[in-house]
Amino acid sequence: MLHQGRRILVGFSGYWKPFFKGRLLLVTNTMGSGTLMATGDTLRQTWEMRNRPKQERDLGRTARMFAVGCSMGPFLHYWYLWLDKLLPEMGFKGIKSILKKVLIDQLVASPVLGLWYFLGLGCLEGQSMDESCQELQEKFWEFYKADWCVWPAAQLVNFLFVPSHYRVMYVNGMTLGWDTYLSYLKYRDQLPSVPEAEPSPGCVALTARTD
């Protein structure tokens, strides 16, 4: 039985391994980035709809998140390839180089992706460049401070232990909660306020008596 299970696993691996090699790896990273960003927005909208029963799901918003996520996939794919060529060390023996990689990633890739996210979604939503820049000015530093709280530790693990061809997949796996936060940060100003609960008749009567 155990032997049969191993044969099934080996056979199954033959189907997914090609998606992490060559040109198919680029497709996997691109679609993975888009899918996780769309999933994060779906989770965020589900939360919003719980607090606002009259709010309807905005599939166009999720589609735009998917498109922007897909557009980031190739950048992440080639960014990690370049970074690994620049500083190829892995494991604790190369910890100095790995810390340099984490710092470079935070100082270069993180702000680039932040600009990409806000300006890209603004373009898809029909915002003018002035409107997109205004939103970026209002939200970028909040985004970047949160980024520093989350990603240095996650990328340290990535550069220490994860093989190069799995880096984007690892980031995509870690990013579901982050993408949910990005959806919140982008769309929180566009949400209608939650109506306050009406006071009960007893409270109204009590207020009238005290008046």
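Leu59 is exposed, at a relative accessible area of 63% (exposed means over 50%, buried under 20%, partly exposed in between, with a 1.4 Å probe and protein chains only). The model is predicted: local features need pLDDT of at least 70, side-chain atom pairs count only at pLDDT 80 or more, and totals for chains, interfaces and linings use all residues. Residues are numbered from 1 along each chain as its sequence is written, and side-chain values use heavy atoms, without hydrogens and water.

**Leu59 and helix α3**
- Leu59 sits in helix α3, residues 59-86 (helices are DSSP runs of H or I, at least four residues, numbered from the N terminus).
- Thr42 is 17 residues from Leu59 in sequence, and their C-alpha atoms are 8.7 Å apart.

**Annotated spans**
- The unreviewed UniProt entry gives "transmembrane region" at residues 63-82 and 102-119; such annotations may be inferred rather than shown by experiment.
- Residues 63-82 are 100% helix and 0% strand, with end C-alpha atoms 30 Å apart.
- Residues 102-119 are also 100% helix and 0% strand, and their end C-alpha atoms lie 25 Å apart.

**Helix α5**
- Helix α5 covers residues 129-161 and spans only 41 Å between its end C-alpha atoms.
- A straight helix of 33 residues would span 48 Å (1.5 Å times one less than the number of residues).
- A kink of about 45° in α5 is centred on Lys139 (the angle between axes fitted to the seven residues ending there and the seven starting there).

**Ser132**
- Ser132 belongs to helix α5 and is buried, with a relative accessible area of 3%.
- Beyond its neighbours within four places in sequence, Ser132 contacts Leu119, Gly122, Cys123 and Gln127 (heavy atoms within 4.5 Å).

Conventions. Helices (H or I, at least four residues) and strands (E, at least two) are DSSP runs, numbered from the N terminus.
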